[in-house]
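Here are a few notes to read beside the model. Take them one at a time, with the structure open.

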Amino acid sequence: MEVYQVRVFLEVARHLSFTEAADALNLTQPAVSAKIKSLESELGVPLFYRLGRKIQLTEVGQFLLEEGIKLIEVENQLLQKVEEIKQGKFGHLRLGTTGAIAHGWLPDILFTYCKTYPRIQANCQVFDTSEALYRALVNQQIDLGISDVDYAEFSEIGISAIDTIHYNLIVSASHALANQPWVSLRDLIQQPWVLQPAGQPSRMFFEARLQELGLSLASFPQVETIDTLSLMRTYIERGNYIGFASEFEFRSECELGTLVAIPVQEFCLPGNIFLLSLKRVSDSQETIASIHKRRSPDPTPAQKFVNLLQQAKEQSPAREVDKPMPQPAATWMRLRSPSFTLRPTCYQRPEVLSLNIGIQNGTIPTVTAGLIIQRLGLMEHFLPRNGSYSGLQYQIQWRDFSSGAPIVNALADGQLNIGILGDYPLLLSALQSQDPTKHSTRLVSFVAINPDGSCNAVIVPNKSRLQEMQDLRGRIIAVPLSSSAHGMLLRSLNAANLLDDVKIAALSQARVSPFLNFEQPADGYAHFAPFHDIACHRGKFRYLADSCMSQLPAFYGVVVSSEMADHYPEVVVAYLRALAVAQHWYNTTPSAPTLVSQWTQLETAIVHRILNHSTQDAGSCRFLAETQIRSDWLTIHLAEMSGIPGNEEFSTIHLERWIQPEFLQKLSA
């Protein structure tokens, strides 16, 4: 018996006429008669009996009339449900995730989803390990997965970064570290630690970062591994242990004040939260951007969830919370998430690449190019480790110099791969590059700029009678040779027609005491920031009135060896990424100037005076962080220097061959 046969029967029974039923059903009368005969044949009993031209229902016919209506109602309900499912008004969404995401990130999203689509039944399954989540997805036990672990190794899984997650140290409110604004892992190796089991995302994140930094859990002599967060909380509260966890795992305890989350220098960047989908299940399993852009007219429950995530991402501003770093400007400005893998690691003796980087930690304008990258462990994080670099082991040596001249020489001798230089030594490096007996360099980025040239100055002791540049005639001025201050002094003396009347003496940075009591006997001193700032700030020196007559814009830049640029270009890009993140961190972290002050042992006021921070007026400081190369400034400097007697060779520098901006361009690719 077919449902349609019953529908025809009900129409005949309602009209008690084959003719009227045929009109209502838009059929011919013979077709209606055939349907009724077929139904009677299948049931083995007549449904109508004839009284002349009229028909009446038999007893079975009367029963079928009463019960057949219910069958049609059920059919209508089924068809309606099917249509609702087709339109996404009704259905079932199965999500899978790990504990931290389920308890801290997902609830608000899932609540909004259920309110928006009340007829879709949404279920979330929490998995103990990353492998269990992977198995559930590939076995189609769940429709979508959400994880803070990267599954990019598996081609059958589509991944999209949908949000960020921060990681911190967790201590009790009474712990000695509880009031620290920032801490470093290297300072806490001897402390007792408590960690979650292996396979938990937070533990994987911690160990992956340790490996990048050349550490391991074996470096920490006191480590306890526990099975539950409640037990971990007990260790932290009662045993004075240090824990490591994401922002979601102890959120309520931190809000109540029983536990404290402390930002970690080596985890200054957030990690990613990924949306996972099985590519081969259906066309709904695409990236979040492609699904949202496609806007299917009949989206599935999974597509609706993805669309909701995209809408939330577009509408919500960056989270206004006390984080080490707000939402980054680019997805690569996040910590590389640990990758889940099913394959055992193949251990082999790796090739070693030595990276020797010449920096100037005491020169505040360059701290984002060296000191901050060191402290935050950024270089180790961004170094390439896949493809042709998968078997490579890096040995990073940061060599701190007091000025640029020894960096220029070390680059020319092949002792350094990367160097940070001010404007005049920067051009000296370009000049060295034209010598076939020297190792050549390439300029790949700026670090900081000083548009008015006020970063270099001539200072004299407070008791000196010298007041202006013309008073220097017949005098001795000490300056770090081949420094940016030296270049400024040459330009200024040349502009004042004093180049032959002033003796320039070498000022060794190694002989400058911490209190700027210059041992080199001289009538005045030419220096670069922050050293003349320090000398005047501490009250023993003052500025010469017109100490910088040649007010060219000043700058610091990054030069790399040609060998490094040609053979390891991805390493150069990795360094520039670390530089960009260091600048972003300094600019967006309120406590950054204070930390730099502690690291350099300089007054915070000096740091603020030298390098601009987002909390201050740009006009109140000497330098702005800037990576874009200003070739026009370089051209002006070359023109000025080549016009000074004895420096004509600067006119032979070919900037177009030396500058390589394409490395910076790869950051946004």
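**Notes on the predicted model**

1. Start with the contacts across the chain. Among contacts in the protein chain between residues at least 6 apart in sequence, 77% join residues at least 24 apart. Keep in mind that this is a predicted model.

2. Next, the overall make-up. The protein chain has 669 residues, and 53% of them count as buried. It holds 24 helices and 23 strands. Its accessible surface comes to about 30400 Å². Carbon and sulfur atoms account for 49% of that surface.

3. Now look at one residue, His381. Where is His381 found? It sits in helix α13, which covers residues 378–382. Is His381 buried or exposed? Its relative accessibility is 1%, and buried means under 20%, so His381 counts as buried.

4. What does His381 touch? Leaving out residues up to four places away in sequence, His381 touches Arg209, Glu212, Arg334, Leu335 and Arg336. Look closely at Arg336. A polar atom of the His381 side chain lies 2.4 Å from the backbone nitrogen of Arg336.

5. Then the cysteines. A disulfide is a covalent bond between the sulfur atoms of two cysteines. How many disulfides does a search of the whole structure find? The search finds 0.

6. Cys124 has a relative accessible area of 31%. Cys254 has a relative accessibility of 27%.

Key
Residues are numbered from 1 along each chain as its sequence is written. This is a predicted model: local features need pLDDT of at least 70, side-chain atom pairs count only at pLDDT 80 or more; totals for chains, interfaces and linings use all residues. Side-chain values use heavy atoms; hydrogens and water are left out. Helices (H or I, at least four residues) and strands (E, at least two) are DSSP runs, numbered from the N terminus. Buried means under 20% relative accessible area, exposed over 50%, partly exposed in between (1.4 Å probe, protein chains only). A polar contact is a pair of N or O atoms within 3.5 Å; within protein, one must be able to donate a hydrogen and the other to accept it, and residues adjacent in sequence count only if both atoms are side-chain atoms. Contact means heavy atoms within 4.5 Å. Accessible areas come from the Shrake-Rupley method with a 1.4 Å probe; for residues, only the protein chains shown count as cover. A disulfide is a pair of cysteine sulfur atoms within 2.5 Å.
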